[in-house]
Amino acid sequence: MSDTAATGGPDRQPIWSRPERGSRGPAPGHSRDSIVVAAIALADTEGLAAVSMRAVAAALGTGAGSLYRYLSSRDDLLDLMTDRAAGELRPYPQVEGDWLETMVLLGRRQLALFGAHPWLLDVIHRPSGIGPESLAWFDNCLRVLQPVRCPVAAKFEAIAMMTGVVSLFARRESAAGAFSFAGVDLAAYPHLVAAFSQPSGPAPRADLVERTLRSLLTGLLLVESTETG
C-alpha cells in the first residue's frame with residue numbers, strides 16, 4: 001500500500017476516535033505511540049519530507065505494511081505527530097496575577113516548540129490535526145482569558161492570531177541571516193537610506209516577540225471589551 005492510499009476525504013473519522021489497531025492479524029509488535037515517536041525523531045533530524053510510512057517502518061525495523069495495522073495513511077501519522085508535539089506544551093502555567101503575562105508566556109512556549117520541531121510549521125494548519133492535546137491547549141488558553149470581559153469570539157480570534165504571529169516569528173528565526181542588503185545599491189530608495197542613517201536609539205525593554213504579543217492581545221481583547229462594555 002502506498003503512502004497516499006486510503007487517505008480518505010475531509011469527512012474521514014479522526015484517528016483519535018479509532019481503535020489502537022485492527023482486530024485481525026498477528027499480535028502487535030509496535031504501538032501508535034512508538035510509531036509516532038519514531039516519526040517525530042525522523043522529522044526532527046531530516047525534515048517532514050523524509051517522513052513516509054516506509055521510512056518510519058525502516059526506523060522501527062519492520063515493513064511498511066505492518067504500520068497499516070495501526071494507521072490508515074500518512075495523514076493519520078501527521079495528525080498524531082502534530083498532537084503529540086502539542087502535548088509538549090504541558091504542564092500549563094498557573095495564572096499568577098495578570099492574564100496577559102500568562103498568555104505571553106504561552107506564546108513563548110509555542111515559539112520554543114516550533115524551534116524544537118520546525119516541521120510543525122508545515123502541519124499546524126491542517127484541520128484534521130486538531131487532536132486531544134491541541135484542544136487541551138486551546139481550552140487552557142480560554143481558562144487564562146476567563147477574567148477578560150469580552151465576547152468569546154474575540155478570545156477565539158486572539159488565540160488563533162497569537163499562534164499565527166508566533167509561527168511567523170518561528171519562520172523568521174529559522175531563516176535568520178538569509179536576508180541582507182549587502183551589495184545592493186540603495187541610491188534609488190531614499191527612504192531606506194534615510195532610515196539607515198538615523199541613530200537606532202536605546203533598545204526596547206522587551207524584545208520584539210513580547211512587544212508584539214502584548215500589543216496583539218491587548219488590541220484584540222481589551223478594545224473589544226471596551227466597545228462591548
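In this predicted model, the axes of helix α5 (residues 99-116) and helix α6 (residues 132-144) come within 9 Å and cross at roughly 160 degrees. Axes here are lines fitted to C-alpha atoms, for helices over the stretch in contact, with angles running from 0 to 180 degrees between N-to-C directions. Helices are DSSP runs (H or I, at least four residues), as are strands (E, at least two), and both are numbered from the N terminus. The pair α5 and α6 is therefore roughly antiparallel, the label given to angles over 145 degrees, while those under 35 count as roughly parallel, 65 to 115 as roughly perpendicular and the rest as oblique. On the α5 side, the contact is made by W99, T102, M103, L106 and Q110, and on the α6 side by W137, N140, C141 and V144; contact means heavy atoms within 4.5 Å. These residues divide into six nonpolar, three polar and no charged. In this scheme Ala, Val, Leu, Ile, Met, Phe, Trp, Tyr, Cys and Pro are nonpolar, Asp, Glu, Lys and Arg are charged, and the others, Gly among them, are polar.

Residues are numbered from 1 along each chain as its sequence is written, and side-chain values use heavy atoms, with hydrogens and water left out. Local features need pLDDT of at least 70 and side-chain atom pairs count only at pLDDT 80 or more, whereas totals for chains, interfaces and linings use all residues.

For the chain as a whole, there are nine helices and zero strands, and the order along the sequence is α-α-α-α-α-α-α-α-α. Of its 229 residues, 38% count as buried, that is, under 20% relative accessible area, with exposed meaning over 50% and partly exposed in between (1.4 Å probe, protein chains only). The accessible surface comes to about 13,000 Å², and carbon and sulfur atoms hold 58% of that area; the areas come from the Shrake-Rupley method with a 1.4 Å probe, and for residues only the protein chains shown count as cover. Among contacts between residues at least 6 apart in sequence, 75% join residues at least 24 apart.

The loop between α4 (74-86) and α5 holds P91, and a cis peptide bond joins R90 and P91, with omega about -5 degrees. P91 is exposed, with a relative accessible area of 64%. The C-alpha atoms of P91 and W137 are 10.0 Å apart in space, at a sequence separation of 46 residues. Y92 lies in the loop between α4 and α5 and counts as buried at 15% relative accessibility. Leaving aside neighbours within four places in sequence, Y92 is in contact with R109, E133, A136, W137, N140 and R143. For Y92 and N140, 48 residues apart in sequence, the C-alpha distance is 7.4 Å.

Two further buried residues complete the picture. T163, in helix α7 (residues 152-174), is buried with a relative accessible area of 17%. Beyond its neighbours within four places in sequence, T163 is in contact with Q110, I124 and W137. L221, in helix α9 (residues 208-228), is buried at 0% relative accessibility. Not counting residues up to four places away in sequence, L221 touches W99, L145, V148, C150, A154, K155 and A158. The C-alpha atoms of L221 and P151 are separated by 8.7 Å, although the residues are 70 apart along the chain.
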